[in-house]
Amino acid sequence: MFKFPEVVTIPLAKVIDFIMSWLLTHLDGFFDAIGFIILQVVLAFETIFLFIPWFVMIPLAGLAGWKLIGKKRSGLLFMTLLFLIGTFGYWELSMRTLSLVIASVFFALIMGIPLGISMARSDRFEAILKPILDGMQTMPSFVYLIPALMFFGMGKVPAMFATIIYAVPPVIRLTNVGIRTVDKEAVEASLAFGATAKQVLFDVQLPLAKPSIMVGINQTTMMALAMVVIGSMIGAKGLGMEVLLAINRIEVGKGFEAGLSIVFLAIIVDRITFSFSEKK
Amino acid sequence: MSEIKTQTQEEPDTALPEINKTSQIVIKDLWKVFGRDSKRVLGKKYKDLSKDEIQEKTGCIVGLRDINLEIKKGEFYILMGLSGSGKSTLIRNLIRLVNSSSGSIEINGKNLTKMKQEELIEFRRQTYGMVFQHYGLLPHQTVLDNAAYGLKVRGIVKETRYEKASKVLETVGLKGWENYYPGSLSGGMQQRVGLARALVNDPEILLMDEPFSGLDPLIKRQMQDELIELQDKLQKTIIFVTHDLHEALKLGDRIAILRNGEVVQVGTPEEIVTQPADGYIQEFIRDASPAKVITARSIMEPAKILLYAWEGPKTALTLLRANKRRGAFIVDKSHKLLGVAQEDKLEKLLIKPGKVEIIPKSALRQVTSVSPDTILEDIFSIIIKNPYPVPVVDENNKLLGVVTSDQIFESISPMEGEDNV
């Protein structure tokens, strides 16, 4: 085997470290501001979810399953799953996890949908953004934790920051694809009748791309849920932390309970968000 | 272009190269080149090469090459060609869904190619209605909302646009379907929605991009007939793209045939069929039925013998016998057709006591007549039932000429057809 010559090195790691330290010293206030906004949003969601008592939340989930998916069976399933989470003793933690997920998705959509729209409008922007998105999705998720930690310290905010970065690509991609695959003649028709670019977007492109965008939102939500668990490694309270503790203490049973709670949440969130993509 | 042959016999003004006063749309030296850095194709180096050579040398595809057309107000104008001939590109250029590479398009004296974005949007709203091959409807909106779309983009309030849209939907025969979604309608009905949407603005110019290509033959024919009827009422300028020759011949006042992005021939349906400009068009029209385009006017002849009502039965009978005929058309003093006088009936008149001065109407056989614009196909059924030539009369029933079965056969027999027209 030939050894790669040691003299040929590009000090990428050093460059990145340098950029990081530069960002930290010069854009400190900027990150503080972002952190503040993120925190306020997640706290608002947390307040709501922790305020609603379990005996209201469970029927609400049942109602959502029944009305949104259109099957009584789904409603019953949701109620059972939430009830089981309660019996494990993870009600509060799962509500915290849920708030984190929803707040992260909220930010991911605010960024992702406009980015997807601009990507659909410009071939050049698409060419630039695509490899970045590939990178964001294939990069091991733990890698995001380190810079997040450096920018925002420990706690919910860095966990959410990492989650947003990790979860945003699907909604960008599917918004882009959705708009690009809209019936060409429908767009032409709209233009032919004198629609402005904005009218074309809101009358034709977004409505016709809606199923695709909804699938994107669904995927983003699922990825956010997965990442939030990892985010607990840097101090976000929630079900993920329980799993982490169980691993440290080698408590298999407890680990499974916490793990199952995450799976149950995932099932409910997935079914509900997916139901939006199926409707007209 | 040397290849373009514009017929001048019937409509001499269409062939004039300079701008015509009645022309609503004037297309001049229009080029469209697709591909990277397409402007260089328009330079001297490449401009005169063939489409294939240009593609080989520059990688650019010539979509339209040096198009010059003039379309008059109220004209039903067909752009015909096979796929890849540039007909769809051309119609999209007329509303700038595709932007031309060079040349100009003037509509009502305004240069479309020079318009800025806002101006263009306003111009589209004022001037056009467009119908698409695959309808281009919005599936998430009702038929009524779809039909009202052109009004919605202009910011017209809901009540007004619904009121107008309902009226137009009624015109296209979709009353009662307002609250359905396009997806639940058949293809023919969806295209009616498309047509309603195009008409709701009451546009001056109607652009139709293969609107009936996706429909099955029966529905297609029905829609064509309805469009003709509608056009009789509306008198819009219609630019209609099709690859179907029969459709072109049936609908068009004039037809421009395109090949490889160039105009090969412009003419009326009859001119196209009887005087194809080159082998390509001859090939194109080979299975076109001349019976659908040749009119009574172009093949009628003066009647061989004509009887005059005031001459009395005796003269008529003498004339018939002299010509060895058993019957002939008979007209009054203002040359109006009265019917056919038959030998046996005339004889009976003479046998009757008392002198008959004028041949009475009761002694005449009534015959079906046609107008000069009747196409051969419609004359066939009359001539089959009738032993006489078919009389051609104008709107005052004045006899213009007759069409015999011999003339019909001559006119539709392939190659010799040219000599007879």
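**View 1. H3 and H4 of chain A run roughly antiparallel to each other, because angles over 145 degrees count as such.** In this predicted model, helix H3 (residues 54-69) and helix H4 (residues 72-88) of chain A have axes that come within 7 Å and cross at roughly 155°. Axes here are lines fitted to C-alpha atoms over the stretch in contact, with angles from 0 to 180 degrees between N-to-C directions, and helices are DSSP runs (H or I, at least four residues) numbered from the N terminus. The crossing is right-handed, that is, the near helix is turned clockwise from the far one by less than a right angle. Residues in contact (C-beta atoms, placed from the backbone, within 7 Å) include Trp54(A) and Trp66(A) in H3(A), and Phe78(A) and Phe83(A) in H4(A).

**View 2. Here is the largest nonpolar core, with 110 residues.** Such a core joins buried Ala, Val, Leu, Ile, Met, Phe, Trp, Tyr and Cys residues through C-beta atoms within 7 Å; buried means 20 or more other C-beta atoms within 10 Å of a residue's own, placed from the backbone. Ala196(B), Leu207(B) and Ile239(B) touch the most other members. Both domain 1 (71-100 + 111-291) and domain 2 (297-412) of chain B contribute residues, so the core lies between them; the bounds come from an automatic or database assignment.

**View 3. Chain A meets chain B through 15 residues from chain A and 18 residues from chain B.** The largest share of chain A's side, six residues, comes from H9(A).

*Notes.* Residues are numbered from 1 along each chain as its sequence is written, with chains lettered from A and ligands numbered from 1 in the order written. In this predicted model, local features need pLDDT of at least 70 and side-chain atom pairs count only at pLDDT 80 or more, while totals for chains, interfaces and linings use all residues.

Technical notes:
A residue is buried if 20 or more other C-beta atoms lie within 10 Å of its own, exposed if 12 or fewer, and partly exposed in between; C-beta atoms are placed from the backbone. Helices (H or I, at least four residues) and strands (E, at least two) are DSSP runs, numbered from the N terminus. Angles under 35 degrees count as roughly parallel, over 145 as roughly antiparallel, 65 to 115 as roughly perpendicular and the rest as oblique. Two residues are in contact if their C-beta atoms, placed from the backbone, lie within 7 Å.
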